[in-house]
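Hello,

Here is the structure I promised to pass on to you.

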Amino acid sequence: MAPARRRDADPRGEGSLAARFVFWFGALVAAWHLWLNTFGLVSELRASVIHFAGFATIGALAWPALAGGGWRGGLAFAIDIAIALMAIGCAVYLLVGEDSFYARGSRFRWYDWAFTIAAPVIALEMIRRTTGLVVPILCILAFTYVTTWGRWLDGVLRFPGLSLEITLFRVFYSDDGMFGNIAQISWNLVTMFIIFGAFLQVSGADRFVLDIGRAIAKRVQGGPGFVAVIASALSGTISGSAVANVTSTGAVTIPLMIRAGFKPHFAGGVETAASTGGGILPPIMGAGAFIMASITGIPYLTIAAVSAIPALVYFAGVAFGVRIHARRHDIRFVDAEAPPVWQTVRRHGLPFLIPFAVLLYLLFSGIGPAYAAGAATAAVVAVSWISDTPMGPRRIVAALALGGRTMAPTAVLLVGIGVMISAVATTGLGNVFSIMIEKWAGGSLAVALVLIALASLILGAALPVTASYVVLATLSAPALADMIQGDAVRAAFAAGTIPEIARALAMLVAPEIALPPAGAPMPAADAARLFAAFPPEMRGQVVDATLAPGAATLALLSAHMIIFWLSQDSNVTPPVCIPAYAAAAIARASPMATALVAWRLAKSLYFIPLIFAYQPFLSPDPTVQLAIAAFALPGIYALSAAIEGFAEARLGLIERLVFGTAGFALIVPFGQLLNWIAIAVFVALMGLNLVRARRTTRLAAATPAA
């Protein structure tokens, strides 16, 4: 006789009817997305609302309104069933009533009110459960700004207001609303890559990721830390999620680092910083990269292609921090159990490498990213049969269910944030904030970068990565792109590149500025005054005539990439650094101490955007990127050493200042001559530091004999 179920048991605990429903429904939703993006023919609006209904249902049943069992669990379960049914009702409402809604001239009836109100309320409630209160509060403020309190403000922020009916119509039906462009990115691209990553995880590709990291770094000082960096980089290409990265690779790498001698909070910080890089490493970058492609109109393949080298420089920066820490604390550990590299590739590499080869081949052949991800997912299943982990029906369903559950928080976030995007598009707030940023910065790109970095730091302390990027990009990317172009024009003027149209216009707007002969250099102050003198309606002509073709696109991409990279710091800045909390739980360390270590190790999130701003580090020419990286790598190492007070040996105060100055000069170029001087200073200091380190090692070895 089966034991009676406890009355106070959680109605959705493991093995419950609700848990089984979430598993099978998640698999069904993921399978529907695979069909939709490969063979399906559904209108974008209808696909978006079905996408929302499916993942909101999963979210309602997987993340309860109230925790615990007993009457609280029962009440929460009843509420969540009602929310799930209402979410499905929103999809049914659109599918059944869309044509009749437009046929009557978009006039609202009672059920239009009910469902257009229910959809944003459900989305914001699901966001609250999965990512916290900040995004819902921002969305509510944005919505009420349009309908109510915008008319109470003065100056540029004043908005006369729209009726509730028009605002709800724009939120529900417009391309800038909940089921518009961002939702299309969610079901068309993000979901497909999340499902691809889930299939890779279930196929056992994560085992290859860990083994290859151990094989490569087994004899390096501080090797387990390098294992975390390598494994997290490769794992990031599977998931694109820092949290998933920490929980999968960190379960192995963090105990390995602790066993080698790293302190628990440092081990957790290394894994968090390395896992954060998964969101910037192609080919599967974070959801923000897909949104970037939609906002800028730059193909995702282009964004991914130019992101590879900067992402590798980021991981090198984390590795530098690990190396310095291992040298300072003399951590030496040889992983005798690590398999050889070739053996690892031969035994476990095919299920990982072949699907990626399929994905990249299709992307570079011009196939759409969603279809390429679907084909790569099929390749995972096919290749698994020549490995020791074949994917039969049971494992395929498990992969689909994992993909559905993993995608749910991101899906409701991307749909729900459409409430705020609709408000920004309706009111023109983006243009207003762009003007304000340019005014506060006084035309200085450096000041603008500091302002945006501070805004990112504040937002990152409360928002997840994707939300932080969307908010900042919507409000500040246009201004930042204009300032990057302006800085490039001023530099061109100073170098003597002043096109004829600029000379002609200068005679009208700034006759007091003496222009040099053609090709002759110009004082930087005069170049800045000249560009500032052109009114906005003339600047476009001057910029186009001065800069090379494609410069505007590069500036726009650089602006968005700066914001995208800065937004990643929400993974490592308390209090909403969820990856750091996950790593701290595995390491059994303080979450705050872990987050602070991760923040310190992830400092390249701030250094590399400086390179984006002042150098063509996102150029489509890889030789240009490699040349910049050749200076950036020693620059980041020098800055890391200056911050830590240690390179190969301890650094004095003067050495730290010189290291830091040289490193900054290598990242933000002040001229080619100064770059080479900085390199020479770096090499000289490193040479002296290495000599001191060897002397210290010899003395330490001789001491026991004495």
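Let me begin with Glu 648, which counts as buried at 10% relative accessibility. Here buried means under 20% relative accessible area, exposed means over 50%, and partly exposed lies in between, with a 1.4 Å probe and protein chains only.

Before going further, please note that this is a predicted model: local features need pLDDT of at least 70, side-chain atom pairs count only at pLDDT 80 or more, and totals for chains, interfaces and linings use all residues. Residues are numbered from 1 along each chain as its sequence is written, and side-chain values use heavy atoms, with hydrogens and water left out.

Now the salt bridges, each being a side-chain nitrogen of Lys or Arg within 4 Å of a carboxyl oxygen of Asp or Glu. By this rule there are twelve salt bridges.

In one of them, the side chain of Glu 648 meets that of Arg 323 at 2.9 Å, N to O. This pair joins distant parts of the chain, 325 residues apart: Glu 648 sits in the loop between helix H28 (622-644) and helix H29 (653-667), and Arg 323 in helix H13 (residues 300-328). Helices are DSSP runs of H or I with at least four residues, numbered from the N terminus.

Glu 644 is buried at 15% relative accessible area, while Arg 600 is partly exposed at 32%.

Arg 529 is partly exposed at 42% relative accessibility.

There is also a network of salt bridges linking Asp 80, Glu 125, Arg 128 and Arg 129.

Finally, have a look at helix H11, residues 264-276. Its 13 residues reach 18 Å from first C-alpha to last, close to the 18 Å expected at 1.5 Å a residue, where the expected span is 1.5 Å times one less than the number of residues. H11 is mostly covered, with eleven of its 13 residues buried, among them Phe 266, Val 270 and Glu 271.

Best wishes

Note on methods
Helix = DSSP H or I, 4+ residues; strand = E, 2+ residues; numbered from the N terminus.
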